[in-house]
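Here is a short briefing for a reader who is new to this structure. Take a look at the model, then work through the points by topic.

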Amino acid sequence: MKLLPATLGLVLVLLLVLNPNGVEARPAPTDGHQKKPSSNTFFVFGDDFADNGNLPPTNPVTEMSRQWAYPYGSGYVDADGFPRPNTPSGRFSNYKIQSDFIATMLGLEEAPPAHAHTAEKTCDPSGMTFAYGGSGVFDSTSNDVPTLAKQVETFKKMVKDMTITKKQLSGSVALVAFSGNDYASTGVIGLTNPKDINAYIGKVTKEIVANVEQLQKIGVKKVLVNNLHPIGCTPSQTRTNNYTACDIFGNLGASIHNSNLQQVMEAKKNVHIIDLYTAFTNIVDHVPGKGSELSKQFKRKMSPCCESLNSKGYCGEQGESSELLYNVCDKSNNFFYWDDMHPTHAGWEAVMKQLERPLREFIDQD
């Protein structure tokens, strides 16, 4: 691929942002939920970074259902600390994801149960996860999953019919975790004018703000909002150069989004932006020789633990004769990324360790 002018290159990279990948359906682990007492309830909205089982399993497995089959969940450990390898739970990782680590900070065992696997007219005491892998702020022609507004509307209906109680709302924390699917939408393909690009990014961030305001109006006390991670450093973007360097246009696009989000959010009370961009960058794209201690634990920072044999394939893909069309690393703790887009358990742990102090301070403040 030849180098493109900065503006057009930015658009094309933005189009490649998120591409949820698939593998053999298994039930989600259900043991060990919420053994710790907590005064907080947790409600989770977003996409792959937060989905813990809302996207359904399929047979045969597809790119959008791979998280229900091996090798996803291969690092799973049960509530008593015993390894249970090959236990996919609908998470886009080998074990825990971002929402699980935030849940722990709230005094919970793991992220609250997925809405799709919760009985009608019920809500777990810990809260609920409404996030869907592949989801965006706006409708996408490629993924038929609920947008942010639709996820919030489902939550609103559950509050209105009192499935979610006032008591649960009184200690509620929400996570809004979107990692860039809107910039992979076919509707963005024709944008080459900088004004059009900025206008589209503005639409995305304004829609996030509108839904944050809606959550607060419904009664959520505190809202956490992800900014965009450095998407140019994901394996899907670094594969073409043998996982050696980040794509500058992808990271520039994320930076523009983040700057815009900061501007429209800064006047909001009880809203905290989770700075994934800095936390990821500290590990995968730091200045040579300036890597953090957390960065040094990963021998492979931009290559995936689970790698498709085909650049257009996905982790967990199988051929017609059930042959494996991917390779899996032996030591996932050495890899920051699990597949072409999503961090390993160890990767998320390192990211959230950096963000824990400001996040806890925000949650604890009156």
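C306 is buried, at a relative accessible area of 2%. The model is predicted.

**Disulfides**

- The count of disulfides is three.
- C306 pairs with C315, and their sulfur atoms are 2.0 Å apart.
- The torsion about this S-S bond, between C306 and C315, is about 100 degrees, so the disulfide is right-handed.
- C315 is buried too, with a relative accessible area of 1%.
- C305 forms a disulfide with C329, again with sulfur atoms 2.0 Å apart.
- This pair links distant parts of the chain, 24 residues apart. C305 sits in the loop between β6 (300-304) and β7 (306-308). C329 sits in the loop between β8 (326-328) and β9 (335-337).
- The link of C305 and C329 is left-handed, with -85 degrees about the S-S bond.
- C305 counts as buried because its relative accessibility is 3%, under the 20% cut-off. C329, at 17%, also counts as buried.
- C233 is joined to C246, S to S 2.0 Å.
- These two cysteines are 13 residues apart and link distant parts of the chain. C233 is in the loop between β4 (222-226) and α6 (235-238), and C246 is in the loop between α6 and α7 (248-265).
- The S-S torsion of C233 and C246 is about 110 degrees, so this disulfide is right-handed.
- C233 is buried at 0% relative accessible area, and C246 is buried at 15%.
- With the bonded cysteines numbered in sequence order, the pairing reads 1-2, 3-6, 4-5.

**Cavities**

- The largest cavity holds about 70 Å³ of space.
- Its lining includes G73, Y76, R91, K96, D100 and E110.
- By class, the lining of the largest cavity has two nonpolar, four polar and four charged residues.
- The second largest cavity holds about 50 Å³.
- Among the residues that line the second largest cavity are V137, F178, D182, Y183 and H257.
- That lining divides into six nonpolar, four polar and one charged residues.

**Helix α8**

- Helix α8 spans residues 276-284 and is mostly covered.
- Seven of its nine residues are buried.
- The buried ones are L276, Y277, A279, F280, T281, I283 and V284.

**P57**

- P57 lies in the loop between β1 (41-46) and α2 (98-105).
- At 35% relative accessibility, P57 counts as partly exposed.
- The C-alpha atoms of P57 and W68 are separated by 5.8 Å, with the residues 11 apart along the chain.

Terms used:
Residues are numbered from 1 along each chain as its sequence is written. This is a predicted model: local features need pLDDT of at least 70, side-chain atom pairs count only at pLDDT 80 or more; totals for chains, interfaces and linings use all residues. Side-chain values use heavy atoms; hydrogens and water are left out. Helices (H or I, at least four residues) and strands (E, at least two) are DSSP runs, numbered from the N terminus. Buried means under 20% relative accessible area, exposed over 50%, partly exposed in between (1.4 Å probe, protein chains only). On a 1 Å grid over the protein atoms alone, a cavity is a set of points where a 1.4 Å probe fits but cannot get out, and a pocket is an open set with protein on both sides within 12 Å along at least five of seven lines; lining residues have an atom within 4 Å of a point. Grid points are joined across faces, edges and corners, and a volume is the space filled by probe spheres set on the points. Ala, Val, Leu, Ile, Met, Phe, Trp, Tyr, Cys and Pro count as nonpolar, Asp, Glu, Lys and Arg as charged, and the others, Gly among them, as polar. A disulfide is a pair of cysteine sulfur atoms within 2.5 Å.
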